[in-house]
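Please look at the sequence and the structure before reading on.

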Amino acid sequence: MDVTTARERLEEMLAELDRSIGVLQGDPVAVREHSAADAGSDLTDADRAQAMLTVATTQRQAIMEALKRIDEGVYGRCVDCGSPVPEGRLEARPEAARCVQCQGKRERRR
Ligand SMILES: [Zn+2]
């Protein structure tokens, strides 16, 4: 995947995420009002929104970093070992920062 395509896809993903984050952050009243009619589920709804917001924010950060790597001319290289990240992996996850091995090591450490 060339960097122009990667950038376009990342920017699309970013726009999409910003919309989701805006909805999640801008809609707490709707969430509360909805749950008020259904006492007890209040926390659950707020927790769900918060969890989605955390995921969206983390992914947004990964996309911002990928865009920065494009600017720096290092996009498509693993940030840990410097090997090329496989094409198929970038197709599936354009924001991927690591090759499969390094990502695996990182996830095992957690
Ligand atoms: Zn690596």
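Helices (H or I, at least four residues) and strands (E, at least two) are DSSP runs, numbered from the N terminus. The model is a predicted one, in which local features need pLDDT of at least 70 and side-chain atom pairs count only at pLDDT 80 or more, while totals for chains, interfaces and linings use all residues. Residues are numbered from 1 along each chain as its sequence is written, and side-chain values use heavy atoms, with hydrogens and water left out.

**Salt bridges**

A salt bridge is a side-chain nitrogen of Lys or Arg within 4 Å of a carboxyl oxygen of Asp or Glu. The whole structure holds eight salt bridges. Among them are the pairs in this table.

| Pair | N to O distance |
|---|---|
| D71 and R7 | 3.0 Å |
| R19 and E16 | 2.9 Å |
| E72 and K68 | 3.6 Å |

E72 and K68 both belong to helix 3 and are four residues apart, about one turn of the helix. R19 and E16 are three residues apart in helix 1, so about one helical turn separates them. The salt bridge between D71 and R7 joins two helices: D71 lies in helix 3 and R7 in helix 1 (residues 3–26), so the pair ties together parts that are 64 residues apart in sequence.

How open are these residues to the surroundings? The terms rest on relative accessible area: buried means under 20%, exposed over 50%, and partly exposed in between (1.4 Å probe, protein chains only). D71 is exposed at 58% relative accessibility, and R7 is partly exposed at 29%. R19 is exposed at 52%, whereas E16, at 47%, is partly exposed. E72 is partly exposed, with a value of 48%.

**The zinc site**

Donors are N, O and S atoms within 2.8 Å of the metal (3.2 Å for Na, K and Ca); water is not among the atoms, so sites may look incomplete. Which protein residues are the donors of the zinc ion? They are C78, C81, C99 and C102, each through its SG atom, lying 2.3 Å from the zinc ion. The site is tetrahedral, with angles of 105 to 115 degrees among the four donor atoms; four donors count as tetrahedral if all angles lie between 85 and 135 degrees.

Along the chain, the donors follow the spacing C-x2-C-x17-C-x2-C. C81 lies in the loop between helix 3 (42–72) and helix 4 (87–92), and C99 in the loop between helix 4 and helix 5 (100–109), so the pair ties together parts that are 18 residues apart in sequence. C81 is partly exposed at 42% relative accessibility, whereas C99 is buried at 5%.

Terms used: Tetrahedral: all angles 85-135°; square planar, octahedral: opposite > 155°, others 65-115°.
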